[in-house]
Amino acid sequence: MKKAFKIIGITLGVLVLFLIASNFIQINERETLLYKVQQYVTYSKEDWKNYETNQKILADNPAGSSQTSAVAVPVKDFHPYNIDLLPESAKKEELKKIENAHFENLIPAQKSPDDEDAQIALIKFTQRRLTDVIINQRLSIKIGKCYENPDKGKNYSCVSCMILLYNREKNDWQEAPDGENFLDNSYDFYQTSEGGDWDAKELSMFIPYDNALFKKYEKK
C-alpha cells in the first residue's frame, strides 16, 4: 500500500514539475508547451477553426507589416454608448449628440463584412494584438448592423458598424479583453476594390448603439 502511494506521489510530482516547466518552454513567440497541452484538452471545433484562421492571417501578415492606408485620425468621439449605463450628466450630452446626428437619415448597408471578415480586418488593424486575445482568451469578434458611410474616399465601399467580443467559453459577450483594453466598440470597414478583402479603420461617423447585437450574444 505504501509503495502504491509512493508511486502515485512520484507520478504527481513529476506531472506538476512538467506543467511548471512547460509554461516556460516556448513552442513559438506566442505559445508555450503548456498552452498547447491546454488547447488539445479544452478546444472545441469552433476554437480550432478560429485558431487556424488566425494562424493563416499571421502567416499572410508578418510582424512589422503596416496598414498605412487604413490609418485615420478621428476629430471627435463618434462611438455610441448605452444610455442606460451613463450617469445623468453624460446621458444628457449623449442624447443631444444623438439628436444632432439624425440617425433617421442613415442608410443600412446592403453589403457588409461578416464576423470572420471583421475579425480578420481588426487583427490587421491592431497590428496582430487581437490575435493573442482570440487565441488565449477564447474571444471572437461579432459584428452588428452596418450603415453606409458616404465618406469612403478612394475606396470602393465603406460601412460603419458596432462590434463586440464574444467569449466562446462562457457563451456570453464581454466589455473588453482581459488586461489592456485596446479595442473600441465600433469601426469603419472598407474595401479598396469590388469583392476585395475588408479592412478596418477608426469610426468616422455617428451610428446608433446596437442593442440587438448585445441582446443576441448575451448568455441565455
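## The end of helix H6

Helix H6 is followed by Arg 138, whose phi is positive, near 55 degrees; helices (DSSP runs of H or I, at least four residues) and strands (runs of E, at least two) are numbered from the N terminus. This is a predicted model, in which local features need pLDDT of at least 70 and side-chain atom pairs count only at pLDDT 80 or more, while totals for chains, interfaces and linings use all residues. Residues are numbered from 1 along each chain as its sequence is written, and side-chain values use heavy atoms, with hydrogens and water left out.

Within H6 itself, Leu 130, Thr 131, Val 133, Ile 134 and Ile 135 are buried, where buried means under 20% relative accessible area, exposed over 50%, and partly exposed in between, with a 1.4 Å probe and protein chains only.

## The chain as a whole

The protein chain contains seven helices and five strands, and from the N terminus on its elements run α-α-α-α-α-α-β-β-β-β-β-α. Of its 220 residues, 40% count as buried. The chain exposes about 13,500 Å², of which carbon and sulfur atoms supply 56%; such accessible areas come from the Shrake-Rupley method with a 1.4 Å probe, and for residues only the protein chains shown count as cover.

Among the contacts in the protein chain with a separation of 6 or more, 68% are accounted for by residues 24 or more positions apart, contact meaning heavy atoms within 4.5 Å.

At the start of H5, a side-chain oxygen of Asp 114 reaches to within 3.2 Å of the backbone nitrogen of Glu 116. The buried residues of H5 are Ala 118, Gln 119, Ala 121, Leu 122, Ile 123 and Lys 124.

The loop between H5 and H6 holds Gln 127 and also Arg 128. Gln 127 has a phi near 55 degrees, a positive value in a residue other than glycine, and Arg 128, although it is not a glycine, has a positive phi of about 75 degrees. Gln 127 counts as partly exposed because its relative accessibility is 40%, whereas Arg 128, at 17% relative accessibility, counts as buried.

## How H5 meets H6

The axes of H5 (residues 115-125) and H6 (residues 129-136) come within 6 Å and cross at roughly 130 degrees; axes are lines fitted to C-alpha atoms, for helices over the stretch in contact, and angles run from 0 to 180 degrees between N-to-C directions. The two helices H5 and H6 are therefore oblique to each other, given that angles under 35 degrees count as roughly parallel, over 145 as roughly antiparallel, 65 to 115 as roughly perpendicular and the rest as oblique.

On the H5 side, the contact is made by Gln 119, Leu 122 and Ile 123, and on the H6 side by Leu 130, Thr 131 and Ile 134. These residues divide into four nonpolar, two polar and no charged, where Ala, Val, Leu, Ile, Met, Phe, Trp, Tyr, Cys and Pro count as nonpolar, Asp, Glu, Lys and Arg as charged, and the others, Gly among them, as polar.

## Ser 160 in strand S2

Ser 160 lies in strand S2 (residues 157-167), and it counts as buried because its relative accessibility is 0%. A polar contact of 3.0 Å joins the side chains of Ser 160 and Asn 149; such a contact is a pair of N or O atoms within 3.5 Å, of which, within protein, one must be able to donate a hydrogen and the other to accept it, and residues adjacent in sequence count only if both atoms are side-chain atoms.

Leaving aside neighbours within four places in sequence, Ser 160 is in contact with several residues, among them Lys 145, Cys 146, Tyr 147, Tyr 187, Asp 188 and Leu 203.
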